[in-house]
Amino acid sequence: MTQSSAGTGASRTDGAAPSGLPLFYQAPEPVRADRHGDLALDTRPNFDFARGCHAVPINAVEFAPAARHYPIVFAANTTPPAAIAVLGLRRDQNVFVDADGAWKDDVYVPSYVRRYPFILARNDASTEFALCIDARSGKLSKKGDTALFEKGEPTEATRKALEFCGAYQREARESEAVLAKLAEHDLLVPNEGRFTLPSGEVLTVADFQIVDENRLNALSDEAFLDLRKAGALSAIYCHLISMRNWPDLMRQIAAKAA
C-alpha cells in the first residue's frame, strides 16, 4: 500500500521496515538469561514506537473488533493476501497515538502492536521458534519495573510474552489460510482513495486491494459454501463494514492538522 499527499512522492507500507526487518523491530535477538538477566521491561502503556506508522498487519481473528475503528484492506501483490489496519493517511502519522504515546481511548489495539518488543523467530537450524526481543526498544532497560529473569529463570512476564507471541503466530497461520480463500475465489480488486482536507490538501492512498461485492454476490453456491467452511465469510463482512471508517479517519487527520 502506498500513500502520498499532493506535491509529494508516494511511500510503501506493507508491514515491513525499510531494513527488511519486521515493522518496529530494530535489533531482535533471542531472550537469554546470560544476555538479559539484569534487564527489565517498562510495562507502562506507551505506544510511542508506533506513532509514526500509518498501517500495521492484522490477523483475520481481529477483524471484528478492529472493524469498529480502522479501515481494513489487503496489501497488493502478496500471496496469500496480507491484511492491514489503516491507522492514518499521512506518511509517518498514526492518528490513534498522541504525543505522549497513548493510544486513543476505547480503540482496539492490534495484537501486532501489543506484542512489541517481543517476537518469535526461527533458530539458526530453522527447526523451531525462539522468543526474541528488540534490544533497541525503549521499553527495555535495567531500570524497568518488570524483570525478564529471576535467578536465571524466566519470570511470569517473560513466560506470558512467549504465550502471547505463540498465540499470535498460530493466529497468523490461520489468517493466511482464511485470506487465501479470497484470492482463490478472485474476490480482491485494486483500489485507491483520494481525500481532500478542509485546508484543500489532497491525500491519496493507493496500492491496496478490497473485496469486490459484485464478485462476492456472483459466486456460485458451491464457492460461497467453501468460504463459509473456511471461516472466511465473517472476515469478508467485517472488512466491508470497516470501509465506513475512511471518513472518520479523514476527520481525525484534519483535526490533528488544525
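User: Which strand does β5 join, and how many bridges are there?
Analyst: In this predicted model, β5 (residues 55–57) is joined to β7 by three bridges, and the two run antiparallel. Within that pairing, Pro57 has Ile84 of β7 as its bridge partner.

User: What about β6 and β7, how do they pair?
Analyst: Strand β6 (residues 72–75) pairs with β7 over three bridges, in the antiparallel sense. Here Ile72 has Ala85 of β7 as its bridge partner.

User: Which way do the β7 side chains point, and are they buried or exposed?
Analyst: β7 covers residues 83–86; Ala83 and Ala85 point one way, Ile84 and Val86 point the other way, and all are buried. In a regular strand, side chains alternate between the two faces of the sheet.

User: Different topic. What is the strand order in the open sheet of three strands?
Analyst: The order is β3-β9-β8, and the pairing is antiparallel. The edge strands are β3 (28–30) and β8 (118–122), each of which pairs on one side only. From one strand to the next, the twist averages 45 degrees.

User: How many bridges join β8 to β9?
Analyst: Five bridges, with β8 and β9 (residues 129–134) running antiparallel.

User: Which helix lies across β8 and β9?
Analyst: That is α4 (residues 156–184), which runs at about 65 degrees to β8.

User: And where does α4 come into the second largest pocket?
Analyst: In its lining: α4 supplies five residues, the largest share. Both α3 (111–114) and α4 supply at least two residues each.

User: How much space lies in that second largest pocket?
Analyst: About 380 Å³.

User: How many residues line the second largest pocket, and which lie nearest its centre?
Analyst: There are 20 lining residues, and those nearest the centre are Leu41, Thr43, Arg114, Tyr116 and Pro117.

User: How does the lining divide into nonpolar, polar and charged?
Analyst: The lining of the second largest pocket has 12 nonpolar residues, two polar and six charged.

User: Now some loop residues. Where is Asn59 found?
Analyst: Asn59 is in the loop between β5 and α2 (63–66).

User: Why does Asn59 count as buried?
Analyst: Because its relative accessibility is 5%, and buried means under 20%.

User: What does Asn59 touch?
Analyst: Leaving out residues up to four places away in sequence, Asn59 touches Ser111, Tyr168, Glu171, Ala172 and Ser175.

User: And Gly101, where does that lie?
Analyst: Gly101 is in the loop between β7 and α3. Gly101 counts as buried because its relative accessibility is 0%.

User: What does Gly101 touch?
Analyst: Asn46, Phe47 and Asp48, again not counting residues up to four places away in sequence. Gly101 and Phe47 are 54 residues apart along the chain, with 4.7 Å between their C-alpha atoms.

User: Last one, Arg91. Where is it found?
Analyst: Arg91 is found in the loop between β7 and α3.

User: Why does Arg91 count as partly exposed?
Analyst: Because its relative accessibility is 34%, and partly exposed is the range between under 20% for buried and over 50% for exposed.

User: What separates the C-alpha atoms of Arg91 and Cys165?
Analyst: A distance of 28 Å, for two residues that are 74 residues apart along the chain.

Technical notes. Residues are numbered from 1 along each chain as its sequence is written. This is a predicted model: local features need pLDDT of at least 70, side-chain atom pairs count only at pLDDT 80 or more; totals for chains, interfaces and linings use all residues. Side-chain values use heavy atoms; hydrogens and water are left out. Buried means under 20% relative accessible area, exposed over 50%, partly exposed in between (1.4 Å probe, protein chains only). Helices (H or I, at least four residues) and strands (E, at least two) are DSSP runs, numbered from the N terminus. Two strands pair if DSSP finds at least two bridges between them. Axes are lines fitted to C-alpha atoms, for helices over the stretch in contact, and angles run from 0 to 180 degrees between N-to-C directions. Contact means heavy atoms within 4.5 Å. On a 1 Å grid over the protein atoms alone, a cavity is a set of points where a 1.4 Å probe fits but cannot get out, and a pocket is an open set with protein on both sides within 12 Å along at least five of seven lines; lining residues have an atom within 4 Å of a point. Grid points are joined across faces, edges and corners, and a volume is the space filled by probe spheres set on the points. Ala, Val, Leu, Ile, Met, Phe, Trp, Tyr, Cys and Pro count as nonpolar, Asp, Glu, Lys and Arg as charged, and the others, Gly among them, as polar.
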